[in-house]
Amino acid sequence: MKRAYDLAIIGAGPAGISAALAAAASGARIALLDDNPVAGGQIWRDGPQVRLPALARRLRAELAAQANVDCFAATRVVALAGPRGLLLEDEQRGWRLDYARLILCTGARELLLPFPGWTLPGVSGAGGLQALLHGGLPVHGERVVIAGSGPLLLACAASARRHGARVQRIAEQAAWSTLARFAAGLPRWPGKLWQSLRLLDPAYRGASHVIAALGRERLEGVRLRQGGQIVELECERLACGFGLVANTEIAQALGCALRDDAIAVNDWQATACDGIYAAGECTGCGGSELALLEGSIAGYAAVDEHARAQALWPQRQRWQRFAEALRTSFALDPALRHLAAADTLVCRCEDVPYAALAGHAGWHAAKLASRCGMGACQGRVCGAAARTLFGWSRPAPRPPFTPARIATLLELDDEQEPPCAP
Amino acid sequence: MNARRCADVIVVGAGIVGAACARALAQRGLEVQVLDDYRGGATAAGMGHLLVLDDNPAELALSAYSLQCWRDWAPRLPAGCAYRNNGTLWLAADAEELALAAAKQQRLSTHGLDCELLGAAALRAAEPALRADLHGALKVGGDGIVYAPNVVDWLLAHEHIRRCRAQVVELDGAAVRLADGRRLAAGAVVLATGIDAGALCPELPLTPKKGQLLITDRYPREIRHTLVELGYVKSAHQATGPSVACNIQPRPTGQLLIGSSRQFGSRDPGIDGTLLARMLKRAVHYVPGLATLNAIRCWSGLRAASPDGQPLLGPHPHRPGLWLALGHEGLGITTAPGSAELLAAQLCDERPPLPVAPFLPQRLLPEAADA
Ligand SMILES: Cc1cc2nc3c(=O)[nH]c(=O)nc-3n(C[C@H](O)[C@H](O)[C@H](O)COP(=O)(O)OP(=O)(O)OC[C@H]3O[C@@H](n4cnc5c(N)ncnc54)[C@H](O)[C@@H]3O)c2cc1C
Ligand SMILES: Cc1cc2nc3c(=O)[nH]c(=O)nc-3n(C[C@H](O)[C@H](O)[C@H](O)COP(=O)(O)OP(=O)(O)OC[C@H]3O[C@@H](n4cnc5c(N)ncnc54)[C@H](O)[C@@H]3O)c2cc1C
């Protein structure tokens, strides 16, 4: 099966949704693709125990009202197919989509850094815990420790509390002085999440980071460094958020340039490749407000409505300053690069410990010798960790971008010839 | 300019062939300096199928001898080398191919190789995942699989071998010039840079044959042998145009490695989707259940092909001091040990274990080079 669209948008988070809405008025035929069951991205996830904010509900309703926008949920982009084509996979089949223009709104994923015990059941990412909570994971009465860096820790703590968990500690690695400066600047960026950043939370500690997750079969406690001290806390869950990594694989495969490990774009949200735009967290982390604005600008630009795009530049600039403040305030302490012990697994797919990687010349050599990154996640987790730990550049993406059925890849044959003997 | 003598022999290129040559020379007591700039080559890309091929007597002799070397190495190979003696099944789709299988059995048996003709029922019993209407297969019991990058490390871990990261930019008899301007000299230089040899030695008649591979996620083991269609040989020797053949290899991890394709002239490392799909179609044609398995990665590599398909092993006819170990096409992982013995025997003036004539570089370099 093959379909053609004027505009394809990959990712239906805040950026992708607003791009689709901005472009829709032009009448262009638009395809919005996302691998989740419903639109919303990382921040607006549905689940049995979730009530989405009004903004999310409104955007979804608007999206549903656009006759010229086809939303393909639970559909993954698994490879490029020809010069202006994508290979997609949904639950039933693989199929191809050709586009004239493309907007990448692929978002970001969590940076997971290895430390002793991080593979114990009960340990997850901070965003990972939120997703589990939305999915209905019962945590009522459980003791939770949240560690890492950035406002996401507080969002995670708020969700955990809403679900009845007892948050024992929120360990933020940034120093108090930095946090105070960041908080003092917040009124410039009114927004629900950012106001919730309450430094007065009794569980909140600055200059603190995780050293080890403790436990035998599953998590029983956590060892933290708080200022100059080592403390141990008992808990049932540990959620660590060390920051986000932009999803750039598709952009790289298309030949788009990167800047600071995110997709490089100009004022129109255009990438270095003709007709390909990018918006939201895949161009750098800055929160959902910035993602919404960038999405709109990209959507307008992609249908040549330049005046409307340009009208949003000042607002975008305001939120870019916020992104900059986030970046500088929550820059990772280099000490976090040295948490892993020799036997701490870095690659969970292939069980590769830290010691098997240290000392290699680069990612490629380490991978060949140790199988690191050769498993099902294809280095999405350990490759990003190795980048932080060792400074190794990220591996060039190879198809498929995510595991894909062989039957899907069969669709890549342009001529669809019957199988022929060689 | 004076060159510093750094070793008895300099080996340029630490792929499987360079590593095996270094090892064979070091075992003869020579001090070996191995130089590689880590750009990577075919060894990291290959399937690691260790198999006897018999398209001509020279190929059969070299691959059969090499497989014996692999079986001798086997007990000493570290676990990371993932050596398995799992055997190859050459699949016969019809009566004509079954006759081909029988002829192949004849040739291999006269060479003393362990092989057995399986009829349709025996094949189904051996590999139930195969499509039911195949006519049979030839089982070659001595074939195996290996993870070559780690074999390189094992081969190079020797007291007489030093390994150094360096790019060679010029060859000068038994000396080399490095990218940083240094010159190193030795009693001999062995060139084992795979397809990139042309940059240093333009007169070499090597052409790239690109191959693409795919690996699946881990699954419960259903396939035990490496499965190759008998059409593979035809595909491998086709002189022009891209070709594909079914080649399915079970890895010890539970993954399946699926090949193979050949494309002439391309040096583009990107994946050709159409050719990938055709290759997978071949594989699914033989093992229908593959269609529902998840693929996790595809990659490509370049085979260095000589005009007659056989490697170049021996002295460069017109550049004294320079020795060649090149042009292993799609069989270099298999034939690395035998190639190394042939090269080392010539370099050390020993009686080689096999006739060397079919592999001598002069067969392809008759004219005096302008170098
Ligand atoms: C794990 C996690 C949790 C977060 N939790 C919060 C929170 O609680 N509160 C908050 O304010 N911010 C949160 N954020 C930050 C928030 O996601 C961003 O600020 C913002 O919403 C980004 O919007 P976006 O549209 O750029 O990306 P996203 O919302 O990440 O949307 C990108 C979408 O693209 C899809 N996609 C990517 N690749 C493909 C592909 N190949 N095929 C198909 N679809 C694809 C993804 O599945 C995703 O749905 C979180 C981020 C992460 C990574
Ligand atoms: C897709 C594919 C599948 C294959 N499957 C099999 C199989 O199943 N079984 C089998 O037996 N064979 C297989 N082969 C063939 C096999 O991989 C090769 O024949 C073999 O790896 C060649 O090894 P090599 O050492 O000659 O070259 P390479 O592995 O290419 O090594 C050359 C080395 O030289 C270095 N180098 C190059 N130029 C310089 C320079 N100027 N200075 C310093 N260093 C340099 C490179 O970094 C590299 O390490 C396959 C090949 C491909 C492409």
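Q: How many salt bridges does the rule find across the interface of domain 1 of chain B and domain 2 of chain B?

A: In this predicted model, the rule finds three salt bridges across that interface.

Q: Which stretches of chain B belong to domain 1 and which to domain 2?

A: The domain assignment gives 4-45 + 148-205 + 308-363 as domain 1 of chain B, and 88-141 + 207-305 as domain 2 of chain B. In the contact, domain 1 of chain B takes part with 10 residues and domain 2 of chain B with 14 residues. The C-alpha centres of the two domains lie 30 Å apart.

Q: What area do domain 1 of chain B and domain 2 of chain B bury between them?

A: The size of an interface is often given as the accessible area lost when the parts come together. Here, domain 1 of chain B and domain 2 of chain B bury about 900 Å² between them, and 54% of this area is on carbon and sulfur atoms. On the side of domain 1 of chain B, 67% of the area buried against domain 2 of chain B is supplied by Ala45(B), Ile195(B) and Glu329(B), more than by any other three residues.

Q: How many residue pairs are in polar contact between domain 1 of chain B and domain 2 of chain B?

A: The count is six residue pairs, with both residues at pLDDT 80 or more. By class, the side of domain 1 of chain B that touches domain 2 of chain B holds four nonpolar, four polar and two charged residues.

Q: Which residues come nearest to ligand 1?

A: Of the 30 residues around ligand 1, those that come nearest are Ala15(A), Asp34(A), Asp35(A), Gln130(A) and Glu281(A). To read such a site, examine the individual atom pairs. A side-chain N or O atom of Asp34(A) is 2.7 Å from an oxygen atom of ligand 1. For Glu281(A), a backbone N or O atom lies 2.7 Å from an oxygen atom of the ligand. Taken alone, ligand 1 exposes 980 Å², of which the protein buries 91%.

Q: Which backbone atoms are close to an oxygen atom of ligand 2, and at what distance is that of Ala42(B)?

A: A polar backbone atom of Ala42(B) is 2.8 Å from an oxygen atom of ligand 2. For Gly332(B), the corresponding distance is 3.0 Å. Taken alone, ligand 2 exposes 1,000 Å², and the protein buries 95% of that.

Terms used. Residues numbered from 1 in each chain as written. Chains lettered and ligands numbered in written order. Predicted model: local features only at pLDDT ≥ 70, side-chain atom pairs only at ≥ 80, totals over all residues. Heavy atoms only, no water. Domains from an automatic or database assignment. Contact = heavy atoms within 4.5 Å. Buried area = accessible area lost by both parts, 1.4 Å probe. Salt bridge = Lys/Arg side-chain N within 4 Å of Asp/Glu carboxyl O. Polar contact = N/O pair within 3.5 Å; in protein donor to acceptor, adjacent residues only side chain to side chain. Nonpolar A, V, L, I, M, F, W, Y, C, P; charged D, E, K, R; others polar. Near = heavy atom within 4 Å. Areas by Shrake-Rupley, 256 points an atom, 1.4 Å probe, with all protein chains shown as cover.
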